[in-house]
There are 2 protein chains.
Amino acid sequence: MSRRYLNLTPLSEALAMLRREFSSPGRAETVPLAEAVGRVTAEPLYAGYSVPMADIAKFDGYAVKSGETRGAQDQRPLPLAGYARVNTGEVLPRPFDAVVMIEDTWDEGGIPRIRKSAAPGQNIRRTGEDVRAGELVLPKGHRVRPFDIGALATYGITRLAVRSVRVGIVPTGSDLVPLGTAPGPGQTIETNTLMAEAYLTGIGATCRRYGIVPDEPGLIREAVETAVAENDLVILSAGSSAGTRDFSRDVVEELGEIVFHGIAVRPGKPVLLANVGGKPVLGMPGYPVAAQTVLREVAGSLLAWWGLEPLPFGELDVRLARRQASDLGFDEFVPVSVGRVDGTCWATPHPRGGGIQMAVVRANGYLHIPAAREGIEAGEEVRVRLTVPPASLARTLVCVGRRDPVLGELGNLLAEAGYHLHCCNASTVGAVLALRAKTCHAATVALPETASAWSDQVLRYLPDTRLLRVPVARTEFGVASADPPDAGSLASLRVANRPKSAAAQFLLDAWLDREGIDASPSGEPGDIRVCSALEAREAGLRFTSIGYESCDLVIREELAAGEGVAALVEAARSPGFRAYLRSIGRDPGDGDAPGVFSV
Amino acid sequence: MSRRYLNLTPLSEALAMLRREFSSPGRAETVPLAEAVGRVTAEPLYAGYSVPMADIAKFDGYAVKSGETRGAQDQRPLPLAGYARVNTGEVLPRPFDAVVMIEDTWDEGGIPRIRKSAAPGQNIRRTGEDVRAGELVLPKGHRVRPFDIGALATYGITRLAVRSVRVGIVPTGSDLVPLGTAPGPGQTIETNTLMAEAYLTGIGATCRRYGIVPDEPGLIREAVETAVAENDLVILSAGSSAGTRDFSRDVVEELGEIVFHGIAVRPGKPVLLANVGGKPVLGMPGYPVAAQTVLREVAGSLLAWWGLEPLPFGELDVRLARRQASDLGFDEFVPVSVGRVDGTCWATPHPRGGGIQMAVVRANGYLHIPAAREGIEAGEEVRVRLTVPPASLARTLVCVGRRDPVLGELGNLLAEAGYHLHCCNASTVGAVLALRAKTCHAATVALPETASAWSDQVLRYLPDTRLLRVPVARTEFGVASADPPDAGSLASLRVANRPKSAAAQFLLDAWLDREGIDASPSGEPGDIRVCSALEAREAGLRFTSIGYESCDLVIREELAAGEGVAALVEAARSPGFRAYLRSIGRDPGDGDAPGVFSV
């Protein structure tokens with residue numbers, strides 16, 4: 001029953017097939033004006049009448065006959081003869097043909113006086129100045145903006161026809177539990193259809209989510225038939241890959257024709273498209289980020305082709321902060337964090353696995369690597385699509401290196417000050433290279449506390465650079481065991497785990513060397529574990545310290561005065577942050593060290 | 001009772017006063033996840049558990065003990081010993097430690113075989129690979145995006161606290177009638193509060209619109225008191241200028257303190273801000289575009305300061321297509337149409353009157369001229385804020401010149417093809433200069449049909465330029481009267497109106513000259529009117545032709561092959577468009593003329 005996708009269809013070809021196979025359902029619905037924002041007009045809209053409907057006063061003042069004001073001068077002020085008091089927007093009373101602003105008059109004995117004659121038509125808005133009856137207000141295919149609403153209302157339009165596409169979303173999978181249920185092991189919260197609904201609704205589709213369908217071909221068949229009857233596009237969530245329980249293909253093959261199965265896209269490969277009774281049924285992969293790619297690039301493209309407008313996310317030309325590999329023949333999508341450092345916008349990639357939703361949450365954009373490219377070099381200019389307002393980049397700080405969980409709290413403190421902290425994971429070497437290439441505002445480097453680590457691992461790569469080093473948190477590492485190790489048998493000790501960080505590995509190697517122990521971590525059960533003092537305490541283990549790892553913020557001094565970077569440094573040094581560290585059992589280190597290193 | 005705004009507060013100062021006076025109400029509300037898109041988090045969100053919760057299979061295949069696969073090679077395939085069939089996402093069963101992809105196996109006698117040994121941990125997603133329990137998912141102050149919804153659901157977050165600002169919107173004015181009512185002369189449809197609600201809801205505020213309050217101080221007072229009690233910000237629509245019926249100031253002065261009245265902004269000057277019981281009450285001008293400025297620049301800034309995120313409209317650096325004057329000391333906002341012509345983005349200004357809502361509807365962005373600037377020169381680089389998705393600029397066509405109403409239908413035809421036609425009004429000279437400076441895709445020029453008009457008014461400004469000229473519509477002009485004019489008294493004929501276009505004026509002058517009539521249009525009642533044949537026919541007047549005006553599309557030949565420009569030319573020449581012209585009694589002219597002019 002399992003099968004491979006023998007032929008992966010290139011994305012461009014898949015989209016062409018989609019267009020060829022499925023023309024727009026051409027559906028429209030009429031909505032009240034107040035509900036029209038974000039919808040796309042299905043018909044052109046024309047003004048119901050002229051605005052203004054009559055000549056009206058442009059300002060508060062006096063309606064006058066211009067002929068009667070002739071001769072008024074600074075040296076020869078004139079009392080108004082015939083006049084009428086008018087307010088802004090009021091219809092000009094007959095037989096007046098001009099308005100004198102109230103600011104240009106003064107009262108003397110109850111009669112307004114002027115110093116300047118009025119020209120015919122002065123300060124009057126003519127009939128139809130804004131719009132003439134019957135004039136086109138919006139063409140079809142226009143995404144209605146909030147301020148359009150006011151204009152449409154002014155022109156007498158109270159209801160309008162907008163494009164409508166009905167999308168049915170069917171979650172399948174016996175392992176799924178609905179949102180709000182705590183999943184057991186092997187169970188998955190059904191979240192992809194919620195996300196699909198949020199995304200497609202934002203584009204302007206009318207979505208309907210159906211109940212979870214277990215992995216039984218008969219039930220899936222029934223659900224697909226219902227959804228196809230009730231919608232213009234059906235999305236089958238999960239079940240589109242080639243596992244034993246992936247029945248989607250069999251079901252849609254029975255009901256209609258497969259258009260393609262498997263596209264050369266990463267993430268998002270196992271996508272299935274079928275034609276069931278002339279309507280598209282799209283099998284969306286279960287990995288959330290893969291599902292996002294399919295929603296954006298396949299479903300989104302179809303909806304755009306059908307006349308809905310995509311979301312107003314901006315595109316931006318930026319430089320890629322580090323090399324990004326990609327496979328020839330695959331369209332790849334990589335979440336990135338974009339920040340402006342010293343005048344240049346840099347995009348730092350996050351991991352792009354289909355299951356790493358946090359990468360997308362942490363990112364503020366994504367990069368599309370076309371199928372014809374085999375990777376993109378560091379420093380190359382690329383176009384990214386933003387998932388945040390472009391203006392927010394001015395308040396975005398990119399920090400590259402160790403993504404210690406305590407940086408979350410630092411992010412919260414910066415959010416208070418209006419800044420967005422983006423932390424991109426990298427090794428110490430990666431962080432230092434990012435500092436050197438100036439692609440980040442700050443780096444977080446984790447070093448063993450030894451005499452030479454700072455100069456060996458940081459300074460040697462950054463000669464002639466003044467750096468600011470701000471301690472964030474220290475971690476005490478050691479070896480832990482349930483029972484005190486027998487001193488005599490030290491030489492035969494087995495270490496049960498690989499240290500989590502390079503610094504802990506360094507400390508372990510140094511300790512083993514000092515103690516004369518010839519043990520390499522095996523990954524098998526052993527006598528001692530390498531862990532932090534906190535972990536040993538929580539697990540109730542006997543702990544022998546092997547040294548400290550310090551995690552520091554490192555900043556090029558020339559950037560430290562920047563508003564956002566200064567806020568970052570202030571937050572890291574703040575008593576609030578240091579109290580937080582102590583509250584969770586972390587060691588704040590010497591937060592008061594000024595830490596300017598000149599090289 | 002009327003008064004002036006003696007002191008206009010500069011915008012920057014007004015915003016500083018706003019911030020100083022009104023700190024954030026700090027209100028939050030808890031919403032279900034599905035309603036959180038577009039809202040801003042009020043608290044940081046942490047993962048409820050690790051994802052994955054256990055080690056799971058990354059692909060469909062077989063769970064194996066890596067140790068048992070050692071030795072498998074191309075030359076020495078190995079049958080699997082102990083194994084379990086697993087699907088993508090399933091928990092790895094004990095005691096297996098690796099997964100072999102189904103694609104890398106084949107069946108022989110019901111037993112899967114492999115050609116390559118498996119490494120420990122291969123094809124397994126480790127516990128917490130996506131997120132660890134307790135890890136920060138979103139900091140406070142994050143505007144929730146559609147794809148964030150999926151991640152939050154996956155991490156066990158079903159409800160979240162989002163920032164909430166309650167805005168009460170009170171329409172005032174005895175001339176107002178509610179939407180859906182046909183306004184009589186001097187009546188205005190109450191549209192500004194609808195627009196305010198649409199705009200502020202989009203930013204994330206919770207709006208409440210109150211009923212229309214007539215211009216009676218007692219009633220206004222009551223409405224303000226209610227709205228202040230129920231909201232964090234109150235917007236009083238209209239009544240903030242200095243007319244006789246503008247009671248807003250008196251009412252809020254009684255209830256609280258005026259912070260400022262009148263700011264140096266165009267449009268938007270007559271804005272009023274008061275502090276009533278510690279809450280801001282904002283008097284918004286009645287002119288819709290002025291109201292928009294106040295909503296965007298004042299209310300929007302306050303909401304951003306209070307922690308709501310502005311809408312994700314992009315900013316773009318473009319060149320200004322023509323000089324834009326502005327008054328020193330005033331922050332001015334000008335609606336513009338931005339289009340990319342031959343690789344450069346140009347912004348062409350629309351009229352900026354407070355009452356011209358169509359200008360904003362027609363525009364796709366706006367330009368902010370700071371108070372310190374006295375106008376901006378043509379060609380200068382400026383930053384505009386877009387009101388459309390930036391990607392839509394690639395399909396935007398800017399046409400400068402005569403904005404004949406039939407261009408609306410051309411826009412509809414182009415919308416079918418996915419293009420946005422932006423028509424910016426300009427005189428024939430303005431249109432020709434835009435062609436010369438290449439700031440538009442096309443120009444529409446209206447010329448009298450004489451032997452020399454094309455070369456006098458177009459070609460002389462565009463030497464050495466190959467132009468494509470496509471007829472759009474002709475208009476026959478003439479003089480009309482109720483009774484046949486007495487031939488003998490021709491010399492004393494009075495012309496009752498000024499011709500609407502320069503071309504008609506030219507035709508009239510030539511006719512008067514030919515006929516030896518010494519009459520200048522007076523604007524007073526007269527014997528004959530200048531009008532089109534169509535107007536004369538509709539009014540049942542006797543009509544004497546004086547000639548034709550032709551309105552043509554003019555395009556630089558080098559741009560004519562561009563996808564969008566080609567679609568424009570095709571639409572203008574299409575039988576459908578020409579049939580439309582005839583159906584409304586317009587003369588399509590010679591639409592088949594190829595019209596390439598080489599100079």
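Mentor: The bend at a residue is the angle between axes fitted to the seven residues ending there and the seven starting there. The model discussed here is predicted, so that local features need pLDDT of at least 70 and side-chain atom pairs count only at pLDDT 80 or more, while totals for chains, interfaces and linings use all residues. Residues are numbered from 1 along each chain as its sequence is written, and chains are lettered from A and ligands numbered from 1 in the order in which they are written.

Trainee: How many of the 18 residues of H6(B) are buried?

Mentor: A residue is buried if 20 or more other C-beta atoms, placed from the backbone, lie within 10 Å of its own, exposed if 12 or fewer do, and partly exposed in between. H6(B) is largely enclosed by the rest of the structure, because the number of its 18 residues that are buried is 15.

Trainee: In chain A, which residue that follows H6(A) has a positive phi?

Mentor: H6(A) also has a kink of about 30 degrees, centred on A:Leu295, and 15 of its 18 residues are buried, so it too is largely enclosed by the rest of the structure. Beyond this helix comes a residue whose phi is positive, near 100 degrees, namely A:Gly307.

Trainee: Which helix gives the most to the side of domain 1 of chain A that touches domain 4 of chain A?

Mentor: By an automatic or database domain assignment, domain 1 of chain A is 11-26 + 165-305 and domain 4 is 332-387, and their C-alpha centres lie 26 Å apart. The contact, in which two residues count if their C-beta atoms, placed from the backbone, lie within 7 Å, takes eleven residues from domain 1 and ten residues from domain 4. On the domain 1 side, five residues come from the element that gives the most, helix H6 of chain A.

Trainee: Which element of chain B gives the most to the side that touches chain A?

Mentor: The contact between the chains takes 81 residues from chain B and 82 residues from chain A. By class, the chain B side has 41 nonpolar, 26 polar and 14 charged residues, where Ala, Val, Leu, Ile, Met, Phe, Trp, Tyr, Cys and Pro count as nonpolar, Asp, Glu, Lys and Arg as charged, and the others, Gly among them, as polar. With eight residues, the element that gives the most to this side is H2(B).

Trainee: What is the omega of the peptide bond from A:Arg266 to A:Pro267?

Mentor: Most residues other than glycine have a negative phi, and most peptide bonds are trans. A:Pro267 lies in the loop between strand E19 (265-266) and strand E20 (272-276) of chain A. The bond from A:Arg266 to A:Pro267 is cis, with omega near -15 degrees.

Trainee: Is A:Asp342 buried or exposed?

Mentor: A:Asp342 lies in the loop between strand E23 (331-341) and strand E24 (344-349) of chain A, and its phi is positive, near 50 degrees, although it is a residue other than glycine. With 12 other C-beta atoms within 10 Å, A:Asp342 is exposed.

Notes: Helix = DSSP H or I, 4+ residues; strand = E, 2+ residues; numbered from the N terminus.
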